[in-house]
Amino acid sequence: MAAIIQEAARRRTFAVISHPDAGKSTMTEALALHASAITEAGAVHGKSGRRGVTSDWMEMEKARGISITSAALRFEYRGHMFNLVDTPGHADFSEDTYRVLAAVDCAVMLLDAAKGMEPQTLKLFEVCRHRKIPVITFVNKWDRPGREALELLDEIQERTGLKPTPITWPIGNGGFFHGVADRAADRIVRYTRTPGGATKAIETDLSAEQAQAELGEDWERAKDEIDLLSAIGSNHDQKTFEAHESTPVLFGAALSNFGVGRLLDAMVDIAPAPTPRPDVKDDPRPLDEAFSGLVFKVQANMDPSHRDRIAFVRICSGKFERGMVLTHAATARPFATKYAQSVFGQERATIDEAFPGDVVGLVNASALRPGDTLYDGLAVEFPKIPSFAPEHFSTARVRDSSRSKQFRKGIEQLDAEGVVQVLRSDVRGDQSPVLAAVGPMQFDVVKHRMAVEFNTEIAMDRLDFGIARLTDAESAPILARQRGVEVFTRTIDGALLALFTDEWRMRGVMREYPDLILNALLADTRG
Ligand code: G4P
């Protein structure tokens with residue numbers, strides 16, 4: 001039992017999140033390289049010209065130059081076992097991103113130094129706040145001209161309400177990035193690029209005198225800014241960080257591997273280890289209780305030759321041993337774990353044992369859905385992963401009516417898997433349900449999977465709605481009469497959703513009927 005607690009304590013399970021293009025793929029590779037998990041930068045993501053995941057999805061990935069497969073990268077660093085849970089990296093938001101966040105204990109938020117807070121940065125901060133996930137902020141691309149560091153801190157505080165507490169502070173800006181003052185470790189570190197940037201950057205410790213002599217004005221300015229930070233009390237505080245009230249900030253450039261090692265050190269030193277996860281009754285499942293795990297992602301057809309379905313499970317308690325027969329809480333049926341794997345990119349390694357915080361991929365998992373619990377021994381069920389505010393809506397209908405049965409079956413299956421949310425209304429009937437998605441790529445996935453797995457071609461027509469609000473049975477009929485508004489039932493949970501063409505329309509209705517129930521769904525930052 002003590003061994004399980006010890007193993008859990010050395011786990012760091014996290015996700016790197018950001019607005020697209022802030023450098024998530026680059027950072028993932030840099031982290032892996034730093035921890036020597038991969039020997040060649042670029043082995044992680046299926047980006048153009050790089051080695052990647054072999055799967056059916058590759059076709060879509062290749063066509064779009066994106067990575068839509070999600071798994072976890074495991075590596076050891078300073079005696080700690082890291083699980084970097086990959087989030088989809090495309091220019092589109094999807095529910096998978098949110099689900100991944102249900103599986104981690106900490107998030108690393110990348111900001112582009114020139115762009116600061118971007119729309120998805122804000123949404124992701126909001127989800128982390130909701131899930132109370134501590135966030136470490138990494139200001140990336142400091143090697144390029146960008147914003148002022150202090151200005152970025154102000155923006156973080158203003159837009160997220162989190163108090164930024166820099167751990168490192170950049171020396172030089174506007175494309176001149178000499179290194180950082182490490183406030184926490186009381187060091188001054190100079191970075192030197194290695195040719196090609198594909199290996200670890202060279203780090204040299206400087207004394208204050210050397211920094212003064214060699215970095216001159218840039219050092220003086222950094223020093224003044226650090227004094228200011230100390231004067232206003234912007235110092236790391238473990239308690240407020242863990243309570244999601246403050247966010248430690250580091251500065252770097254993932255592309256040149258500047259600051260990446262420091263980020264890993266921060267993860268070891270301050271990122272929380274797994275803690276007992278509350279179950280549906282809000283009772284925390286002790287880490288050393290029998291095995292329990294949360295399915296946070298189900299990926300179909302990763303290997304075209306097998307037509308398999310892999311469920312990614314975050315271990316919440318106990319020791320996982322391959323071959324153990326678990327109970328699937330939703331159905332109370334046994335689930336055999338003969339084929340447990342750690343999966344990341346192309347690599348699949350069989351996993352024999354794992355501990356709280358680890359992520360295992362279970363093959364042949366057709367019965368498992370995101371949000372499901374698996375357990376051994378004492379029964380437990382974890383809360384469902386909430387679904388998020390859809391912003392894209394489309395009707396779906398079968399092209400060949402002789403395939404109607406397969407169409408219904410397919411939509412039902414994809415709904416249950418959480419690929420999209422399925423909405424229905426009496427007005428529209430069941431012939432062409434409305435699909436709701438957080439990001440439009442979810443529709444492409446539906447189309448692709450319907451064709452490949454259910455042999456059914458579907459036609460989709462985008463609907464001109466942009467906002468969804470939760471409403472109730474009393475408000476629904478009033479809303480349904482309004483222009484630019486339609487009310488639907490979400491099939492998975494029976495929730496009533498009012499769809500509006502745009503915010504202006506919604507505000508108009510609210511002004512006219514101030515008593516209507518219109519609740520924002522999760523991660524809808526428009527308030
Ligand atoms: P993403 O996964 O968040 O979408 O971002 P990605 O890592 O693909 O990075 C987006 C672009 O930003 C890439 O350039 C990448 O090389 C660049 N980048 C990432 N980190 C840094 C950094 O620290 N400094 C600088 N200067 N650039 C950085 P690209 O030209 O779009 O792609 P590529 O052809 O270089 O891969």
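**Group meeting: a strand hairpin and a pocket between domains**

I'll start with the strands, meaning DSSP runs of E with at least two residues, numbered from the N terminus, as are helices, which are runs of H or I with at least four. Strand β8 (residues 179-182) and strand β9 (residues 187-192) run antiparallel, joined by four bridges; two strands pair if DSSP finds at least two bridges between them.

This is a predicted model, where local features need pLDDT of at least 70, side-chain atom pairs count only at pLDDT 80 or more, and totals for chains, interfaces and linings use all residues. Residues are numbered from 1 along each chain as its sequence is written, and side-chain values use heavy atoms, with hydrogens and water left out.

Back to the strands. V180 stands opposite V189 in β9. β8 and β9 form a hairpin with four residues between them, and D186 in that turn has a positive phi of about 55°. β9 also runs antiparallel to strand β10 (residues 202-206), with five bridges. There, I188 stands opposite L206 in β10.

Next, the pocket. Where does the largest pocket lie? Domain 1 (2-98 + 105-269) and domain 2 (277-375) both give residues to its lining, so it lies between them. The domain bounds come from an automatic or database domain assignment.

By class, the lining has 12 nonpolar, two polar and nine charged residues. Here Ala, Val, Leu, Ile, Met, Phe, Trp, Tyr, Cys and Pro count as nonpolar, Asp, Glu, Lys and Arg as charged, and the others, Gly among them, as polar. α5 (119-131) and β12 (277-278) each supply at least two residues of the lining of the largest pocket.

A pocket is an open set of points on a 1 Å grid over the protein atoms alone, where a 1.4 Å probe fits, with protein on both sides within 12 Å along at least five of seven lines; lining residues have an atom within 4 Å of a point.
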